[in-house]
Number of protein chains: 2
Amino acid sequence: MPNDKPAAFSIDGPASGVTRVKRTRGGPKGLRITDVATAAGVSPITVSRVFNSPETVAPETLERVRGVVQKLGYVPNRLAGGLSSSKSRLIAAIVPTIAHSLFSETIQVFSETMSKAGYQVLLALSGYSDTSEEALLDAVLSRRPEGVLLTGVAHTDSLRERLRNVGIPIVETWDMTDTPIDMLVGFSHYQVGVAVAERFIARGVRYPGLVSANDDRAIARITGFRARFAHEGICNIADVIVSPPSSVLVGKAALPELLARMPQLDAVFCGSDLLAIGVLGEAKRRGIDVPSQLSICGFGDLEFASETSPTLTTVRVDGTHIGLNAAQCLLARLRGEQHASISDVGFHIVERETV
Amino acid sequence: MPNDKPAAFSIDGPASGVTRVKRTRGGPKGLRITDVATAAGVSPITVSRVFNSPETVAPETLERVRGVVQKLGYVPNRLAGGLSSSKSRLIAAIVPTIAHSLFSETIQVFSETMSKAGYQVLLALSGYSDTSEEALLDAVLSRRPEGVLLTGVAHTDSLRERLRNVGIPIVETWDMTDTPIDMLVGFSHYQVGVAVAERFIARGVRYPGLVSANDDRAIARITGFRARFAHEGICNIADVIVSPPSSVLVGKAALPELLARMPQLDAVFCGSDLLAIGVLGEAKRRGIDVPSQLSICGFGDLEFASETSPTLTTVRVDGTHIGLNAAQCLLARLRGEQHASISDVGFHIVERETV
DNA sequence: CTGAAAGCGCTTACAG
DNA sequence: CTGAAAGCGCTTACAG
């Protein structure tokens, strides 16, 4: 490994052509662009161009430099490059959680799309975290990302303000609002609640219940659900609020609670498919027929849910589509194009009782 | 927003105390550490200390600087900080995919643990990618991460060599080898295959089949499975190799293929729980009783699998444990401690036929 | 198509 | 406990 750097506090020898006292920081730290430049007989700027604008470099020069890069195993330092160019090539994705969640496929596609475009994804998990949202945002912004994907729109005014002020493209996802920070790819959880209520109402449901976490999006669904039922004159809705992470077991435990509060219970709207599967299992165990005696609706359409439980209704959202769309929003902006602010990707309710 | 930077090609005024020609690059770019220092009446070094070693700063100074930081909304530039200190505070996680996968919970816990320790996670998806593994590694190393989590151990010699040479802690996960690059937290997929074969053998299985992808870990499981059956004199194993992503539908389609090749089929080892659920569903549709006529084993223990399909056997691996353990390995090394190289977290087979 | 000079915003390694 | 000088490894904004 070539290393022309002088030892700490040494005086450069004649070989380097310089004679002045220098201080180095730490030992040899690997290859620098100057090492490649020297070996290839060009200036550092030319090496930089080979990486960042190869089309501006003469073909022979390009080939020669690339050969040296290959031979030496040089990898540019993007901390330096980013600092110098103000282009970090980093995109932050702020997500509550990626475990067993709908968001994981959004992040998957988002990340794939971004990396094809030459960006890398900094993953920031906001849920179940010890650090506050402000601290998380500080950590994220300290990397000087060129864009940010947010999951959900419910942030404090302070956060929204700060994000707006950094002046980079922001895309909010998995939710809906009239006043996004910048761009938005999502759908209305309130409308999901309304739609599920309408299915239940069409089935003649009179005594609905719900099992849900109480994050902002879940609350929006609940609100829509309640509002639609209220419109039918049904205001007595049994609810069990659970804390994340939701699971099959939590769903199982919720049904007895609902029944205790409302013995005539004839429908349950669940905050996730895992919860719905739990409620379904518990219902079967109690000899309650689904859906004739009890309608159950989940949320998320984890693939297995409808496949394994034909009696389960669920709300399907295309997380892949959200991820792709969000990436494209950001990329368009990074190319300097204008881009539509709000994109409603919708949802649909999946019923497979006939399967 | 204070901005003392001179306009392009201007001459600094007397206010700055310097009189020389300067060239600036682009317009004002936000707050710098010097802006905070000036406003707080201290030097930039002191501001730096407030962030990086607050215990070395006088309490009053600390408070004053923090007040200014808060008021101005200053966020340090970690590109600059990382370049200067050679501490990127970045950890790379290289994962085939996070969508519907076992890895997502590993990454979840890994990321949580790392962020508590002051590191951020750079997510690099290696599967289904257009870019080669070499290009992915280049992209990752260009960020100068202080550590790397890898999923799986099967890399080319070139990759292993490069990773070893960067001299940062590396932890390989979700697999087993005697010769890790550095540290390892995983288990033997070969032994998983052997263990599943033994379950089947104990049940009197004579005509086993398998449905699987052909990634390195899946192949190791298959190899163990075949080897154990060969030991019983059973070498004729029907197999259907599917390409990822695996799904319930792929599993459904695989069963007829297996039956065509081996009509007496009495067991199927599936590469994932999703595949297993598909095989199970198709078996039921065809009136094949599970498990009396056909034993089915999945891999992964997605929570729902055993809950929704009591007749399904599956192999459970604690991905959460792997993520936590891997993070701790890396953190120990980053603190300069020695750390055990290989940690076998094991697996266990879950059977819930009696539920 | 190529290069010398200056600067990006921090931190290190001292000295006091 | 605090600071002036030098440097981290790149790229910009010119000029030729």
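Two strands pair if DSSP finds at least two bridges between them, a criterion that applies to the first view of this predicted model.

**View 1. The contact surface between chain A and chain B**. Here 54 residues of chain A are in contact with 54 residues of chain B, and the two chains bury about 4,800 Å² between them, with 55% of that area on carbon and sulfur atoms. The rule finds 22 residue pairs in polar contact across this interface, both residues being at pLDDT 80 or more, whereas for salt bridges across the interface of chain A and chain B the count is zero.

**View 2. The side of chain A that touches chain B, element by element**. Elements giving two or more residues to this side include strand S2 (120–125) together with helices H4 (78–85), H6 (133–141) and H10 (248–261) of chain A. Helix H5 (103–116) is also one of these elements, and H5(A) gives the most, with seven residues. By class, this side of chain A has 24 nonpolar residues, 15 polar residues and 15 charged residues.

**View 3. The two copies superposed**. The same surface serves both copies, since 100% of the contact residues of chain A recur in chain B.

Definitions and conventions. Residues numbered from 1 in each chain as written. Chains lettered and ligands numbered in written order. Predicted model: local features only at pLDDT ≥ 70, side-chain atom pairs only at ≥ 80, totals over all residues. Heavy atoms only, no water. Contact = heavy atoms within 4.5 Å. Buried area = accessible area lost by both parts, 1.4 Å probe. Salt bridge = Lys/Arg side-chain N within 4 Å of Asp/Glu carboxyl O. Polar contact = N/O pair within 3.5 Å; in protein donor to acceptor, adjacent residues only side chain to side chain. Helix = DSSP H or I, 4+ residues; strand = E, 2+ residues; numbered from the N terminus. Nonpolar A, V, L, I, M, F, W, Y, C, P; charged D, E, K, R; others polar. Least-squares fit on C-alpha atoms with pLDDT ≥ 70 in both.
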